[in-house]
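Hi everyone, thanks for coming. Let's look at one model together and see how a few of its pieces pack.

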Amino acid sequence: MSVDSSPSTDAATERKARLFRTLSAESVLVLPNAWDAASAAVIAAAGATAIATTSGGVSWSLGRGDGQRLSRGEMVEAARRIVNAVDLPVTVDVEGGYGPAPADVAATVRAVIEAGAVGVNLEDSTAVGGPLYGITEQSARLRAARDAAAAAGLQELFVNARTDVFLFGIGASDGRLGEVLARTAAYAEAGADGIFVPGLLDLDVLRTLCAESPLPVNAMAVGGGPSVTELAQAGVRRISLGTGLAQAAYTAARTAAAELLGTGGLTALDGSLDFGEIDVLFRH
């Protein structure tokens, strides 16, 4: 992986980066999350305007559990395959940046830009369940991401700062919103473009966060939770699904396999995409 700090992005990546920023500013951006080239191509064919990756889904597809268990190289190569499968902007979940230091984050950002990505999610948890990086420490890591993007010639890279305060139940429940707002203000100062708060789906709390946040808010929708419309009415500007689509796909595979191995039936395959519908997505 090159560590050359000279501008190196191509025109197509710059075009997609500008488009992604436009999509992020003009309306509520709904991002179904892909985990491999095929899922990305199918999501694009369904009408998506941009693609987000899911670190959990990518990890599962490579035989790993979720939670920063992949190497930088493994995640970047997965991102590259996704970028090459679609003609849409792709933003990549880079988990904790594949190392604790700002230099680690910078190396990751350079690598995903070289792979053609136009956005990243960078989380502030050091491991699944926490603890979180301190605000000053995470701000330095976000600044490193911003600076690395500029040095690579992609100042438009969208840096989505993820905070896991609500996801992992960090601190007393009545202090979590204040903690998120404090982190959001610092992350904005460090150059973040958005704040992602997975685990927060209380619409009243989201309304307060969206009203007071200096950054547009990203929420992670889940089955049985608030709808896209409800989240948008609360002020959320970006909605993603995390591992939701991957879980649905693997559920469908298990259901079909169980029927085949149990009763010998094939009804679970009813309504599946035709072979040709999928195969044509890769004839380019």
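First, the ground rules. This is a predicted model, in which local features need pLDDT of at least 70 and side-chain atom pairs count only at pLDDT 80 or more, while totals for chains, interfaces and linings use all residues. Residues are numbered from 1 along each chain as its sequence is written, and side-chain values use heavy atoms, with hydrogens and water left out.

Let's start with Lys16, which sits in helix 1, residues 11-26. Helices here are DSSP runs of H or I with at least four residues, strands are E runs of at least two, and both are numbered from the N terminus. Is Lys16 buried or exposed? Lys16 is buried, at a relative accessible area of 9%. Buried means under 20%, exposed over 50%, and partly exposed in between, using a 1.4 Å probe and protein chains only. Leaving out residues up to four places away in sequence, Lys16 touches Val83, Val86, Asp87, Leu88, Pro89 and Val118. A contact means heavy atoms within 4.5 Å.

Next, helix 4 (residues 72-85) and helix 5 (residues 102-114): their axes come within 9 Å and cross at roughly 25°. Axes are lines fitted to C-alpha atoms, for helices over the stretch in contact, and angles run from 0 to 180 degrees between N-to-C directions. The two helices are therefore roughly parallel to each other; that label covers angles under 35 degrees, with over 145 roughly antiparallel, 65 to 115 roughly perpendicular and the rest oblique. Who meets whom? From helix 4, Arg72, Val76 and Arg80 meet Asp104, Ala107, Thr108, Ala111, Val112 and Glu114 of helix 5. By class, that contact has four nonpolar, one polar and four charged residues. Nonpolar covers Ala, Val, Leu, Ile, Met, Phe, Trp, Tyr, Cys and Pro, charged covers Asp, Glu, Lys and Arg, and the others, Gly among them, are polar.

Finally, helix 8, residues 203-212, where Leu203, Leu206, Leu209 and Cys210 are buried. Their cover includes helix 7 (176-189), strand 8 (217-220) and helix 9 (228-233). On the other side of helix 8, Asp204, Ala211 and Glu212 are exposed.

How do helix 7 and helix 8 pack? Their axes are 11 Å apart, at an angle of about 25°. Helix 7 brings Leu177, Val180 and Leu181 to this contact, and helix 8 brings Val205, Thr208, Leu209 and Glu212. Those residues divide into five nonpolar, one polar and one charged.
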